[in-house]
Amino acid sequence: MSRKEMYEQQTEELLLPIIEEYQFELVDVEYVKEGGNWYLRAYIDKEGGITVDDCELVSRRMSDLLDKEDFIEESYIFEVSSPGLGRPLKKEKDYARSLGKEIEIRTYRAIEKEKEFYGILKSYDETMVTIELEDNREMTFAKTDIALIRLAFYF
């Protein structure tokens, strides 16, 4: 397990009791370097959407725990955020929640001269995702070929 993965896992373990206490959902935790700074981000959600006050509540409680546990060597910025509309499907529960809904898939390389696909999520497993296209055709993608998969949204 990489250091990044260990940090994310330890953060998740500390966060879960707080998240459960407020009846929120922990969508994801990521530890990433952006523009020379390390960021530890927790994405939370709840039915009806997360508010800034919800994020602040979790951030204050978690910041104290992170200071106490002090398991991350580098200096970093801790953020708590909503996953937003364009939230990617990462975990099994994300796929389960999205069954029957329209999703967007972007692939690393062109398939039938296209790299972007929209359709209804019909099925998935550990390695594959199947969608139904607008013309009622089904397409199956290997998860390793998918650069991005998320709920479709239009403006």
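Q: Why is Q23 called exposed?
A: Q23 has a relative accessibility of 70%, and exposed means over 50% relative accessible area, buried under 20% and partly exposed in between, with a 1.4 Å probe and protein chains only, so Q23 counts as exposed. This is a predicted model, in which local features need pLDDT of at least 70, side-chain atom pairs count only at pLDDT 80 or more, and totals for chains, interfaces and linings use all residues. Residues are numbered from 1 along each chain as its sequence is written, and side-chain values use heavy atoms, with hydrogens and water left out.

Q: Where does Q23 lie?
A: Q23 belongs to the loop between α1 (3-21) and β1 (25-34), where helices (H or I, at least four residues) and strands (E, at least two) are DSSP runs numbered from the N terminus. Although Q23 is not a glycine, its phi is positive, at about 60 degrees.

Q: What makes D70 exposed?
A: The relative accessible area of D70 is 58%, and because exposed means a value over 50%, D70 is exposed. D70 is found in the loop between α2 (52-69) and β3 (77-81), and as a residue other than glycine it has a positive phi, near 45 degrees.

Q: Why are β1 and strand β2 said to pair?
A: Two strands pair if DSSP finds at least two bridges between them, and β1 and β2 (residues 37-45) have 9 bridges in the antiparallel sense, so they pair. Within β2, L40 is the bridge partner of Y31.

Q: What makes β1 and β3 the edge strands of their sheet?
A: The open sheet of 3 strands has the order β1-β2-β3, with mixed pairing, and β1 and β3 each pair on one side only.

Q: How do you know that strand β6 and β7 pair?
A: Strand β6 (residues 128-132) is joined to β7 by 5 bridges, and the two run antiparallel; because at least two bridges are needed, they pair. In this pairing E132 stands opposite E138 of β7. The two strands form a hairpin with 5 residues between them, and N136 in the turn has a positive phi of about 70 degrees.
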